[in-house]
Amino acid sequence: KFKGLQERAQEKIRAIADARGLSPEELADRLVPDLDLDEQGSLLLDFGPRQFTVGFDEQLRPYALDSSGARLKDLPKPIKSDDSERATSASERWKLLKKDVKSIASNQVQRLEMAMCSGRTFPADVFRRFFVTHPLLRHLVRRLLWGVQAADGGVTGFRVAEDLTYADRDDQTLIV
């Protein structure tokens, strides 16, 4: 809201990035929270006898999957057979996750759009570490088409597959 405060914050971010030998964009890549998601980029919410797995859509909006794999827009209310303490804890975790993701998602989508528009490139190891295997960003990264530039200047398009390997336009594994 306050322009002076925003400018001062940007100065501090640049100073921190400079001290680490990074650009502000590279620093931002390293600061994306993982929201305590597991290595597969999901979260198990345990109601006792019922459990729900959290996933994310292309805009990082969370959804829940029940034990049959049915996608639920929202976490269901606890029922009598649920463990009251676990269900309450899981419901609170769901609410907090939705709030956190809402504040993070638009920024991350915008960062990826800006990277695309500016033609930003990433070293392969940085791309893999901070995007492909990141518990939250993997949900965005898997929905985009990426390109790897060859020594001759040509570009080969690829996507990040479900198993986090890279697949070319013929769905063959691409080694990057």
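This talk goes through a few helices, strands, salt bridges and pockets of one predicted model.

Some ground rules. Because the model is predicted, local features need a pLDDT of at least 70 and side-chain atom pairs count only at pLDDT 80 or more, while totals for chains, interfaces and linings use all residues. Residues are numbered from 1 along each chain as its sequence is written, and side-chain values use heavy atoms, with hydrogens and water left out. Helices (H or I, at least four residues) and strands (E, at least two) are DSSP runs, numbered from the N terminus.

I start with helix H1, residues 3-19. H1 has 17 residues and spans 24 Å from its first C-alpha to its last, close to the expected 24 Å at 1.5 Å a residue. The expected span here is 1.5 Å times one less than the number of residues. After H1 comes Gly21, with a positive phi near 70°.

Next, the hairpin. Strand S1, residues 43-46, and strand S2, residues 51-56, are paired antiparallel over four bridges; two strands pair if DSSP finds at least two bridges between them. Leu44 has Thr53 of S2 as its bridge partner. There are four residues between the two strands, and in this hairpin Gly48 has a positive phi near 95°.

In a regular strand the side chains alternate between the two faces of the sheet. In S1, Leu43 and Leu45 make up the covered face, and Leu44 and Asp46 the uncovered one.

On to accessibility. I call a residue buried under 20% relative accessible area, exposed over 50%, and partly exposed in between, with a 1.4 Å probe and protein chains only. Leu60 sits in the loop between S2 and strand S3 (62-65). It is not a glycine, yet its phi is positive, about 65°. Is Leu60 buried or exposed? Leu60 is buried, at 1% relative accessibility.

Now the salt bridges. Side chains of opposite charge can pair when their charged atoms come close. The rule used is a side-chain nitrogen of Lys or Arg within 4 Å of a carboxyl oxygen of Asp or Glu. How many salt bridges does that rule give? The count is twelve.

One of them joins the side chains of Asp57 and Arg61, at 2.8 Å from N to O. Asp57 is buried, with a relative accessible area of 6%, whereas Arg61 is partly exposed at 47%.

Another joins Glu162 and Arg142, at 3.9 Å from N to O. This pair links distant parts of the chain, 20 residues apart: Glu162 is in the loop between strand S6 (155-160) and strand S7 (166-167), and Arg142 is in the loop between helix H5 (138-141) and strand S5 (145-149). Glu162 is exposed, at 58% relative accessibility, and Arg142 is partly exposed, at 32%.

Glu162 also forms a salt bridge with Arg159, with the closest N and O atoms 3.9 Å apart. Arg159 is partly exposed, at 28% relative accessibility. Which residues make up the network of salt bridges here? Arg142, Arg159, Glu162 and Asp171 are linked in it.

Asp171 lies in the loop between S7 and strand S8 (173-174). Asp171 is not a glycine, but has a positive phi of about 65°. It is partly exposed, at 47% relative accessibility.

Last, the pockets. On a 1 Å grid over the protein atoms alone, a pocket is an open set of points, reached by a 1.4 Å probe, with protein on both sides within 12 Å along at least five of seven lines; lining residues have an atom within 4 Å of a point. Grid points are joined across faces, edges and corners, and a volume is the space filled by probe spheres set on the points.

The largest pocket holds about 690 Å³. It is lined by 25 residues, and closest to its centre are Arg120, Phe122, Leu145, Trp146 and Gly147. H3, helix H4 (124-132), S5 and S6 each give two or more residues to this lining. By class, the lining has 16 nonpolar, five polar and four charged residues. Nonpolar means Ala, Val, Leu, Ile, Met, Phe, Trp, Tyr, Cys and Pro; charged means Asp, Glu, Lys and Arg; the others, Gly among them, are polar.

The second largest pocket holds about 460 Å³. Of its 17 lining residues, Pro24, Glu25, Ala28, Asn107 and Arg111 lie nearest the centre. H3 supplies the largest share of that lining, seven residues.
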